[in-house]
Every structure is written in C-alpha cells, then in structure tokens.
Amino acid sequence: MVENGIGASLRRKEDNRFLTGKGNYTDDINRPGQTHAYLLRSPHAHATINSIEIAAAKSAPGVVAVFVGQDLVADAVGGLVCGASVTGKGGEVNKAPPRNVLTMDKARFVGDPIAVVIAETLAQAKDGAELIAVDYTELPSVVSTSGADAPGAPQLHEECPDNVALDWELGDKAAVDAAFASAAKTASVDLINNRMVTNPMEPRAAVGEYNSGTDEITLYVTSQNPHVHRLVMSAFMNIAPEHKFRVVAPDVGGGFGSKIFTYNEEAICAWAAKKINRPVKWTADRSEAFLSDAHGRDHVTTAEMALDADGKFLAMRVSSKGNMGAYLQLFSVSIPTLFHGFLLAGQYTTPVIYLEMRCVMTNTAPVDAARGAGRPEATYLLERLVDVSALEMGLDPAEIRRRNFIKAEQMPYQTPVVQCYDSGDYDASLDKVLANADYDGFAARKAEAKGRGKLRGIGLSAYIEACGVAPSAAVGSLGVGVGLWESAQVRFNPTGGVTVFTGTHSHGQGHETAFAQLVTERLGVPVENVEVVHGDTDKGQFGMGTYGSRSLPVGGVAIVNACDKIIAKGKKIAAHTLEASEDDIEFGEGNFTVAGTDKTMSIAEVAFTAYVPHNYPEGVEPGLDEIAFFDPLNFSFPAGAHVCEIEIDPDTGTLEIVNYTAVDDFGVLVNPMIVEGQVHGGLAHGIGQALLEGCVYDDDSGQLITGSFQDYCMPRADNLPSFNVDYAPTVPIHNPLGVKGCGEAGAIAAPPAVINAIVNALGIKHLDMPATAEKVWRAAQAAG
Amino acid sequence: MPTVSMTVNGQAVSGEVEGRTLLVQFLRENLNLTGTHVGCDTSQCGACVVHVNGDSMKSCTMLAAQANGADVITIEGLAKGGEMHPMQQAFMDNHGLQCGFCTPGMVMSAIDLVVKHPNPDEATIRAELEGNICRCTGYHNIVKAVQQAAKVMGG
C-alpha cells in the first residue's frame, strides 16, 4: 500500500503559497519598462463607426501609443476565430462572420473594443482614452434570444441573414412525430435557460513582452490552456510563429470556461509589446469583465415528451434557440448543438429524440462554454420535462424516473443521440440519494412546515453528463477544429526527485496535488518528491488544457502512461544491475525486485544509474524521462441523483434550501477531499443559476443592466446551505484509471433539482430561473 | 504628489502617491504586496480585505492617504516564524480554497469575524462573510475552516 497515493485526501501542495499571499497571478506580474493598456469600448449596442479621432489622445500626458483596428490589419494581424464548424440542416455549415481584434466598421455590442491606449500608467491610459472622439451612427439593436430572428429584426452581420448562424437538427423527426401522434399522454414545458456571467474571481489579464535580441514574444495570460492560446494566436492571428512565442498561464484565479478563449486584449498585449518594444499590461476591471468575457447558457426552449399509459417515455421533441452573442467565440455553435443535443437522452431509455436548435446572433457579448457548457441546458430541460410528465401522469417523480432508467445491466448503452454510455447504475444512485435525503419522511416535514406557515418542497434531478473531452476522431468528425488528446512528461531527476509536466492547466482544481498522487501511486515515490509543472509553453510539450472535466480522465491517464514507460525502462536497467533477466524483474512500491529473491533496487537508484550509466545495459538510452500522449476512446460519463429540499415564506417569497443531498458517480476518487470541493463549487454555481444569477440586457437600448456585482447576484455564503455529498461509483470501461470528471457535475445537476423543489412547494407546473424572491412571491400569490 | 506613511505588517513604510491612489493600489503597486487582490470595482467582492487598526477593511474602499499613520496587516503579515496563523491552517486543513484568488480577503475577514464573534455558529459565519465572494468552494469548506479556527483561536 503506497502512502498518499490514489484515494488519499492529501492536503494540497499549492495551498501554502495561496494562503500566505505568495500566489503569482497575471496581474501580480510586472516587467521592467512596462506600459499599461486601456481599451476604449463601444457605449452603444449597435452603431456604425464613421470615424475615430485619436490625435488628442496620442499627445496626452504619458501616452505611448494609440492603436485602432486598421493598425493591426496593416500588420497582418488576423481576426479572432471560431474553432467550430458544425453542419446543420441541408448540410450547411455554420456561418462564421469575421471579427477584427478592434472593430472597424460597426460596433455590435456594448463593450465591443474600438481602440487601445497604451501609456506609462493605467490612469494616464484611461485619461487618454477620454480624448478619443468616435463618430457613431446609432443603429437599432436586438438582444433577445427569441426575437433575434424575427422579421425586421436589426441585422448584425451580412453573412448571417435573419441573424441565424446555424440551423441544426438531431434525430429522426418523422419517427418522433409518429410517436407523439399515437401516444397515450404528452407533456410539454416552455422554459428559459437564463444567461450567466461566468465570473471567476480573478478578472482576465495579460502582460506582453518582446525580446528584440531573440525576436521572441512572451505573453503572461489568464488562460485555461496556454498552448491553445499560442496555437490560435500563431496559426490564425499571425502574432508570432509558435517557436518564437511563449505563453505563460501562471496562477489563474478560476476559469469556469471563460478563460478558454483567445480574447482581443490578449492579442493586443502580445502584438503591441513588439510594436512599441516595451512590455504592455492589461487587467480587466470587473465592469470590463461583465462586458467582455464570454457569457454562458441563454437558451429559449420548448420541450415535449410522449408517454405510454404506464409513464414510459416514447419520444422527446425539443425546439430551441441559443444566443451566440455578437460574434462567434472559439467553441460557440458547438455548445448548444453537440454538447447539448448529445446529452438529451439523460439517464432514460427514450427510444427516439428530435432536437432542432437555431443559433442566433444578437447585440450582446459572445456566448460560449461556461461550467457544464451545453450539458446544464440539456439536463435542465430534460429533468424539468420529466417532472412535468410525472405531474401529467400522477406519478411520483422518483417512480417515473425508475420506470424509464437505463438499467445497469444494459451498459454499455447506445442512446439515440450519438453518445454511447460506458457505465452507470442510475437506480443505485437514486436509491442512495433518496435514503440519504430521507425522501420517505418528506410528507411529515412538509406538514410540520405548514404549521409554521412555510411551504416546503422537494425536488429531484437525475443527471448524466459527457465530459473528459474527448476522442479526437469523434470530435473531429463533428467539426471541432482540434484533437482533444492530452500529453504528459514524467522526468526523474538524477537524485530521485520527479518533475511531471502536464498539458492541462490548474486554476483551482488542485492538479499539483492530485497528479502527484497518481505518480506516487504508480512509481512509489514519496509525494513530496513529485512536482507537477503546468502553464508554460516553454516548459512542457504541447497540451490541450483544462475544460470539459478532462484533466484527470485524459491528462491523468497520460501521466500514468508515462509512468509505465518509466517502469518499463527501469526494468531493463534494474535487470542489468541485478544481473537478472528483464522478465524476472517485478516492480512495486518503488522497488525493482528479482522475483522470488531479496535482490532489489529502488527506483531512485535506477534513476541515478540512468544518469550515471557506467555499468549499463547495451542499447538502452541514458536518462529516465518519458513522454506519453493519451487520446481517449470515449467520453467520460459521470452521473448521479440529487435531491433539493426547500422552504418558502409565502408572504415574502424568500426561500431557504434546508437540505441539499447529492449522490454522484465519479468512478475512482484520486483525492476525495478535492472531489468533494469540486462538487460543492459546482452546486453553488448551479444553485446560483437557479435562484440568483441572470444576465440582463435592456431590450430597447441593448445596454447591459447587470454590469457589476451590485446588479448581478453572485451566490454568497448566506445564500447557500452546507451540502450532503456521497457517491455511488461504477467502473468506466474506457478509462484506464477508472476515473470520471467531477468539476461540472454540480452545475449540471443542481438547477433542475432546485426548480423542481420550488414548483413542488408551490404546486405549480413551472417557474423560470432565476427564481428570485419576487418571482416566487408572485407565483405563491397566484397559486393561492 | 503627497507622501503617505503607515505601518504595514509591522514595518514602517512610506511612499509618494497620487491623491486618487487607493490603499489596495499602494499595497500592490508601491509595496509589491500582491497577496491582496482586486476582484471587482464596486467594493462587493472582498478579495482586497486587509486589517486597518485591527478592523477588517476593503482596501479598495479607502484612499492610501486615509490610511496615513495607520497600522495595516495584510495576508503576507499573518504567518509568524514560518508558522501559519490558525485561520490559514484551518483553510488548508478543510480545503477552504481552490483557485486562491478570494482567499487572502476571505482569511482576513474570517479572522476579524472570529475576533468579534469568538464562538460563531454556522449562521453567524455565513452572515458575516456576506461581503466576500468565492466562486470556487460553495463556501461549505470555508465555514468548516472558520469553525475549526475559532476553536483554536478561542483556546
């Protein structure tokens, strides 16, 4: 048994620096001779730009340079790209309207960057920006998801008639329509998946630096995937060739999807650093983050279920629109299509499913992946529709789920919407969560609450997600522009310490600890002798980064595979030293041993021998340093069942979550303490969406109403309960480590559990998110 | 430009600042104490909380000039002799942090909370931390950490 290996709730290695103020975030980095950039942004949601007058700004005190879009175009800097090409109805691929780093012809959302002022101090840059005169002709704008494609709606891009970027469908429409025509019962719900602002606590930032001696650019940036940042900026934006371009993502203060993408300001810092031959720094203030970070969700949906007389699901039909914002961000149209549609079977045996999804452009910030990315939207509509179906059938919500579950013995299970689930026992997780939440005792608790004048409700959510993104061939065939393998390098240093390079990036997930545990488990090296390095394109080989709960299921396997190469080579060295046949060498708990003897050699001794190869096997290279790339064979399918129990004060609409019980299947837990923390954070995100958060643009002016933490309600400590978290693991047949992703599950599972509890308490069919006190109060009054 | 002088983490410091310079800017930019973070521009998030004359204070809500002569403690000044403050240790023991960005402000607020409420129950902890936003942890483990630290600090 290896100490501090897989399964140990080891305290985190990274915590010492974070707790003592020694973290190194991008805004903490200052380079000699540094200048400061400030972006002038459009105050209008939609406007033609007639002229931009920058002379006064250029001569303002401390201003070093002022650039507009043409300056970058003149330097052959390419625009921001959409990395997805998804094929829609009629074989038509999504439109991809161009986007310059600084817009030149039109401003298409409030916050669209127009010009950059670079000055000795940030205050001088801001003062300089006030002197720029932009002559705009304001245009009518459209911000609503449902209204974007209406006749006569203002048009954003010539390339997108009717503001439609993509009309996409999935499934057999004729079969679904036929099933509905003959169904004993149907259920239907109209719902809105509210737009969210991702809001990692660290705002985005970038510092660009140019070395004229080597002609190299270095960009320090708040990125979840520094190699992808470098690739995009090199291949599509012409900032610098990859071998002359270093991208460093140091400590990053949360990502949740919004730091995947390549942004205007980051390209500007890298490009301008060379242009003015001085470091250029930009840090978003929170208001800029609200305006310019990619947002999430924002679907408007009608979902219908056809049922037989026993409540078995016969078919599901979904019609939806997804808001893409003013420009297509990196993943953009792939999120409401592939990452959404492929999850619509959920945990159920529904034989036929049809989805039509229209991706529309609006005068709002771009919308892209945000914690869960498509899967929360799918789970929300499905788990709401299942509860509405239960209501129609007069069945208990737990019972209708059981009648329709895919059974454990049916695994692997091919759904009608592409995905083939590799593992899962949905009855087991439901049984466990009902027991843990004392579901059977709810009626008594409800009655007791009624005596106190409170409305008590209980809600279920049974979710599955597809993460661990992803098999390269599968995503490639669907139109994703990259391969989603992961890489690792495991390097023994001559004196026995191990340095591990991973292509994933940690921005809160604790990889420096959990990945070290993998190495300790496999190689028997004390965990304190293992250092995990990430986030610097000059240190590690190419990697795809962290999103879609992929780091452990994909990156972790790459690390273990590199460890196995170390062991294989170590056996040759040990066999030579111990004068035995390689076939007779066994490895375990850090020692190479000749089977059946006491002749043994530690892996540290083998490492030393590899670097001082005086007595060494013929034909074996010196050194002990191995690289592995892992391309998964399937997605990872975490699943589970959650129960939310709430109490409403009908006089005020205020709501308290009195119990939240989660049972999840994440397979093997490498560090249970970290996994539980990921569940908590995901739940907070999901409960935030259900109760508090909602990004609002004004319908008339297109202005962002919720542009600060004063207006956009983030979950705070007194909005949330403590959580009851448990597990019901199964074995994923495609993952060599037996692990599944866990970072997004809570954000996926929680919204329908919360809303199902609220509608249960109120005795109504549906209530849209966020269920604010006002909305709940109105619903309670209407329900009597 | 005016000169401000104060004691930061037990050391006398002074520096020239513009009138509009905030205390958090003075700490981060003049003193290079980058452990104190800026997470918003409306004094909502609490990432910048430090102690000023013994009280927790959002250092983005006061000008550096207003702290002239004050005794300021930042996250860098908590550990003594290489040993963490009980609150720092409790955050580590209970996994009360993930990305670490809100953590300095959260720890500084939590210490003040326990000083003012020596035996806080869960509801008190949650109410008192209302001015500190964390996006990673869901607060569950932060509450546990404060409970542990309160026991140590009280004893």
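## Close-up views of a predicted two-chain model

**View 1. A:N163 sits in a loop between two strands.** A:N163 belongs to the loop that runs between β6 (133–138) and β7 (164–170) of chain A. The model is predicted. Phi of A:N163 is near 60°, a positive value, and this residue is not a glycine. Most residues other than glycine have a negative phi. Is A:N163 buried or exposed? A:N163 counts as buried because it has 23 C-beta neighbours inside 10 Å, and 20 or more are needed.

**View 2. A:E589 also lies in a loop between strands.** The loop holding A:E589 is between β24 (585–588) and β25 (591–594) of chain A. A:E589 is not a glycine, yet its phi is positive, about 50°. A:E589 has 13 C-beta neighbours inside 10 Å, so it counts as partly exposed. The cut-off for exposed is 12 or fewer.

View 3. The bond runs from A:M411 to A:P412, with omega near -5°. Where is A:P412 found? A:P412 is in the loop between α11 (397–404) and β18 (413–414) of chain A. Most peptide bonds are trans.

**View 4. A:M769 and A:P770 are joined by a cis peptide bond.** Here omega is about -10°. A:P770 lies in the loop between α19 and α20 (773–783) of chain A.

**View 5. Helices α15 and α16 of chain A pack together.** α15(A) covers residues 511–523 and α16(A) covers residues 551–577. Their axes are 10 Å apart, at an angle of about 35°. The crossing of α15(A) past α16(A) is right-handed. From α15(A), the contact takes A:H511, A:A514, A:F515, A:L518, A:V519, A:R522 and A:L523. From α16(A), the partners are A:S551, A:L552, A:G556, A:I559, A:V560, A:C563 and A:I566. By class, the residues of this contact are ten nonpolar, three polar and one charged.

**View 6. The largest nonpolar core has 310 residues.** Which residues have the most contacts inside this core? They are A:A37, A:A115, A:V117, A:C269, A:V519 and A:I559. Helix α19 (residues 745–762) of chain A gives the most to this core, with 13 residues. Now look at A:A37. Leaving out residues up to four places away in sequence, A:A37 touches A:V116, A:I118, A:A125, A:I268, A:C269, A:A272, A:V280, A:K281 and A:W282.

**View 7. Domain 1 of chain A touches domain 3 of chain A.** Chain A is divided into domain 1 (31–140 + 201–254 + 259–292), domain 2 (295–394 + 401–470 + 634–783) and domain 3 (485–630). The C-alpha centres of domains 1 and 3 of chain A lie 40 Å apart. The contact joins 15 residues of domain 1 of chain A to 14 residues of domain 3 of chain A. On the domain 1 side, α6 (226–235) and β12 (245–248) of chain A each supply at least two residues. α6(A) gives the most to that side, with four residues. That side has eight nonpolar, five polar and two charged residues.

View 8. Domain 1 of chain B spans 3–77 and domain 2 of chain B spans 86–154. Their centres, taken over C-alpha atoms, are separated by 21 Å.

**View 9. Chain B touches chain A.** The contact brings 44 residues of chain B to 40 residues of chain A. In chain B, α2 (86–93), α3 (103–116), α4 (122–128) and α5 (140–154) each supply at least two residues of the side that touches chain A. That side of chain B has 23 nonpolar, 15 polar and six charged residues.

**View 10. B:G138 touches residues of chain A.** B:G138 is found in the loop between α4 and α5 of chain B. B:G138 is buried because 30 other C-beta atoms lie within 10 Å. Leaving out residues up to four places away in sequence, B:G138 touches A:H680, A:G681, A:L683, A:A684, A:L720 and A:F723. Within chain B, the C-alpha atoms of B:G138 and B:G96 are separated by 9.5 Å. Along the chain, B:G138 and B:G96 are 42 residues apart.

Methods. Residues numbered from 1 in each chain as written. Chains lettered and ligands numbered in written order. Predicted model: local features only at pLDDT ≥ 70, side-chain atom pairs only at ≥ 80, totals over all residues. Domains from an automatic or database assignment. Contact = placed C-beta atoms within 7 Å. Nonpolar A, V, L, I, M, F, W, Y, C, P; charged D, E, K, R; others polar. Axes fitted to C-alpha atoms, helices over the stretch in contact; angles between N-to-C directions. Left-handed = near helix turned anticlockwise from the far one by under 90°. Core = buried A, V, L, I, M, F, W, Y, C linked by C-beta atoms within 7 Å.
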